[in-house]
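Hi there,

Here is the structure I promised to pass on. My notes on what turned up in it follow below.

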Amino acid sequence: TTTGNRTVYAHWTVNSYTLTADANITGATFTSVPSGWSGSGTTRTRSVTYNTSYGTLPTPAKEGYIFLGWYTAASGGSSVYSSTTMGAGNTRIYAHWERTWAADAVDVNLSGLGGSGTTNDPYVIDSATDIAFLALQTSKNVTFDGKYFKQTTNIDLEGKTWLPIGNATTAFQGSYDGNGYLITNITTIANGQLNYSNVGLFGYTRNATIKNVNIISGNIRGYD
């Protein structure tokens, strides 16, 4: 039998909670899923210890859309980063997106453009969705090497963000002749955010020919 005053001590284990990354749009995929994440479809999950950082977050993608980042709400909310710390409960974060003209070009194909893509019979570009088709396809690793395109009318890009033709992964390698026609109201600013580098009507080219293009209005900005 023990007599006298005694002190007992509590021992603790830090809880872990489930962090769910929700792509927040139908048809999205994940192009990068860091170690520790699992799941399928448009969500990925991982276990995160209370009061520690989320760690590297997965990267979603959707054809014709620009991924703006992770947020605390499906609409609105605050930005979430890899350094954000886990609270005392399961948490869901949401991808935000900007729809671009390329999203309207999913049903366009080369055979529907007119022309055959040669020097003497170039593919015809006569609408915003036609030229956006080039942006969509380069985002899907199509270079258009050896293909020729000619613009045949003025094109107005007002109302949606522009996804540049070509990127650091897949450069545009074809020939584009603006034919002296105008391109107006192009913008690369999505919801006021500066989302990406390599911006412009063409974002990245290699051994390409671009001539007679007249961009007369818009707002083209990206990372400094």
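**Salt bridges and their surroundings**

Asp104 is partly exposed, with a relative accessible area of 24%; the term covers values between buried, under 20%, and exposed, over 50% (1.4 Å probe, protein chains only). Before going on, please note that this is a predicted model, in which local features need pLDDT of at least 70 and side-chain atom pairs count only at pLDDT 80 or more, while totals for chains, interfaces and linings use all residues. Residues are numbered from 1 along each chain as its sequence is written, and side-chain values use heavy atoms, with hydrogens and water left out.

Asp104 meets Arg99 in a salt bridge (2.5 Å, N to O), meaning a side-chain nitrogen of Lys or Arg within 4 Å of a carboxyl oxygen of Asp or Glu. Asp104 also forms a salt bridge with Lys160, where the closest N and O atoms are 3.1 Å apart. Helices (H or I, at least four residues) and strands (E, at least two) are DSSP runs, numbered from the N terminus.

Arg92 and Asp22 form another salt bridge, at 3.0 Å between the closest N and O atoms. Arg92 lies in strand β7 and Asp22 in strand β1, so the pair ties together parts 70 residues apart in sequence. Arg92 is partly exposed at 38%, whereas Asp22 counts as buried at 14%.

**Sheet, helix and cores**

An open sheet of five strands runs in the order β3-β1-β7-β5-β6, with mixed pairing; strands pair if DSSP finds at least two bridges between them. Its edge strands are β3 (43-49) and β6 (79-80). Strands β1 and β7 run parallel and are joined by four bridges, and Ala21 stands opposite Ile93 in β7.

Why is helix α1 (residues 128-138) largely enclosed by the rest of the structure? Ten of its eleven residues are buried, so the helix is largely enclosed.

The largest nonpolar core has 28 residues; such a core is a set of buried Ala, Val, Leu, Ile, Met, Phe, Trp, Tyr and Cys residues joined through side-chain atoms within 4.5 Å. Its largest share, seven residues, comes from α1. A second, separate core of 19 residues includes Leu19, Ala23, Trp37 and Ala95.

Best wishes
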